[in-house]
Amino acid sequence: MTEQKRDELRTDEAVPPSIEGSVFVGPDGVKKVLRRRPPLLEIESLNVIFGENQVLRDITLKIRRGETVAIIGESGCGKTVLLKTMIGLVAPTTGRVFFKGQDLSELSDKKLTEARSHYGFVFQMAALFDSMTIEENVSFPLRQHHKEMSKRAIKERVEYLLEEVGLNPRVVSAKTPSEISGGMRKRVGFARALAMDPEIMLYDEPTTGLDPIMSDVVNELMINARDRHHVAGVLVTHDMKSAVKVANRLIMLYPHALLDSDEPQMIFDGTADEIWRCSDKRVSQFIRGEAGERIRDMSMED
Amino acid sequence: MTKKSKKRSETTPRESFIKIVSKMGRAIASRVSFAGNLAVFSLSTLFWLVVKGPRRETLTRSFFNIGVLSLPVVMLTGTFIGMVLAVQAFPQFKVIGMETRIGAAINLSLVKELGPVLAATMLAGRVGSSIAAELGTMRVTEQIDALSSMGVNPVHYLVTPRFLACLILIPGLTLFADLMGVIGGMFFSIHLLGVDWSYYWEYSRHAVGMFDIFAGMFKSVFFGGAIALICCHQGFRCGAGAEGVGKAATSSFVLSFVAILFLDLLLDVFLEQFHTLVLGGVNKSVV
């Protein structure tokens, strides 16, 4: 039996543990095994401490295939650190991060590199390489990991990706990052992240510093990545409009830990209207962007 | 008296002592941690150099930036060192009537000591600071994280080509500095100070042996490696913002300079012992 046939029967959460491993014969006469597939990304009791500063406290979280999860929270509460922990750029002090069932902290350098090629990361300021042209930036992961690809094939792929993010390859390809606008840089960063056909995209405040129209263009790109390319996503943002439009689930870090540890990721799981009626006072205050008592407390401290 | 100053005056000698000891402990721990970090970084660079080696595209760029672009400034430095040596040494030699031997003093000090040390110092400023600032900016703008996120090891991609270029090209550049120093010293001594050229070269030939030239080159290999590792490490550890990049560039030069002086002393002692004990050589006298 091929691995592919087995894969057809793998499902995320739908298979109850009681029937996992059941063998049956399919209509094609081939024996098949029903297996429960681990979540794409799983974080277990994660703690991150820098010096004497506890940045993340006891985070437990699952990201399933095909969903986009938005993480919101105050500035400095550890959202970006959480995002970087998901890809192994920041090592957990305690706790574990699993990607497709593999513990990232136990992987060898080679295997971690292999695992990372399934991720796409859109950085806050795009993080394009200054010394390279736009074409070289987008083709960079392909040149590093697909040495079998011809120059022509790489060029075609770059053109396709640039068009996919709404940029004209003939206009931008030869330019350097300093010669294009902030919005264009973000889209180039997006194209570069998509180059390796990732299974999960991590977005670090992708709409920060963009005008409302450009923000919406980036939102559409995130929705497009999920719906057309079937890519799961984790979006760290302060932009509530973007979070509501793009995400299936919303999580709030407060302070340094998930708001509700019993039901961590279910603060919001529904339509855009529900989010405004959220019963948790701290979440609704953040979502509405109301200064509330926090500002009064701080002024009293002064 | 404010509450704060009252509290300060109430600190007992025992508490002050504990504070001083804990401060010293923290400072020592931080330096030990820095040294350990640099050692791990250096080993990782050597590991990647042996296991994979840098890619040709990154190596060519590093060779051009470090080698070709540094050549004019290194040659200028060498020329002036030679001429300044002539200016300084001539009156001293003239007093004892040995101005014809000035060439030996200039050329020996150039190839053994001043050429390698001053060329390395010059390169720590030009190349080292630029490496630290470039990598520091890449750290601050998350370009190093971007490399990692794309499954590319940043030490392999960014450090190994720079390390290899410094290791190979700094001795080469030192040779150019020496050559220009010899020419500068000769020009000044013969044409401006009136030293007889045949004596100048004859005494130089006697004083400077192949081992002296080798010693200078040998030291510059270590200087090159130290500059590359220290400056890349400072770039990778760069703090946030423009201030962090500035600090990384400054500290990379200061640390490289200290390392050059320290290595110079260490290697001089080693080479002298090696020359005397292993090769059975005798130090030649300039006068």
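In chain B, helix α5 (residues 102–140) packs against helix α10 (residues 241–278) at an angle of about 150°, and their axes lie 8 Å apart. An angle over 145° counts as roughly antiparallel, so α5(B) is roughly antiparallel to α10(B). The crossing of these helices, α5(B) and α10(B), is right-handed. The structure is a predicted model.

On the side of α5(B), they include B:V117, B:A120, B:G128 and B:V140. On the side of α10(B), they include B:G241, B:F253, B:I260 and B:D264. By class, the residues of the contact between α5(B) and α10(B) comprise twelve nonpolar, ten polar and one charged.

Helix α5(B) also packs against helix α8 (residues 197–207) of chain B, at an angle of about 45° and with the axes 7 Å apart. The helices α5(B) and α8(B) are therefore oblique to each other. Their crossing, that of α5(B) and α8(B), is right-handed. Here B:G103, B:A104, B:N107 and B:L108 of α5(B) meet B:Y200, B:W201, B:Y203, B:S204, B:H206 and B:A207 of α8(B). The residues of this contact divide into six nonpolar, four polar and no charged.

| Helix pair | Angle | Axis separation |
|---|---|---|
| α5(B) and α10(B) | about 150° | 8 Å |
| α5(B) and α8(B) | about 45° | 7 Å |

The largest nonpolar core holds 137 residues, of which A:I71, A:L202, A:L235, B:L123, B:C166 and B:I227 touch the most other members. The largest share of this core, 21 residues, is supplied by α5(B). In soluble globular proteins, nonpolar side chains tend to be buried together.

Apart from its neighbours within four places in sequence, A:I71 is in contact with A:K79, A:L82, A:V234, A:L235, A:V236, A:I251 and A:L253.

Chain A as a whole contains twelve helices and eleven strands. Of its 302 residues, 34% count as buried. Among the contacts in chain A between residues at least 6 apart in sequence, 65% join residues at least 24 apart.

Finally, the two chains touch each other. Chain B gives eleven residues to the contact, and chain A gives 17 residues. The side of chain B that touches chain A consists of three nonpolar, six polar and two charged residues.

Terms used. Residues numbered from 1 in each chain as written. Chains lettered and ligands numbered in written order. Predicted model: local features only at pLDDT ≥ 70, side-chain atom pairs only at ≥ 80, totals over all residues. Axes fitted to C-alpha atoms, helices over the stretch in contact; angles between N-to-C directions. Helix = DSSP H or I, 4+ residues; strand = E, 2+ residues; numbered from the N terminus. Parallel < 35°, antiparallel > 145°, perpendicular 65-115°, else oblique. Left-handed = near helix turned anticlockwise from the far one by under 90°. Contact = placed C-beta atoms within 7 Å. Nonpolar A, V, L, I, M, F, W, Y, C, P; charged D, E, K, R; others polar. Core = buried A, V, L, I, M, F, W, Y, C linked by C-beta atoms within 7 Å. Buried ≥ 20, exposed ≤ 12 C-beta atoms within 10 Å, placed from the backbone.
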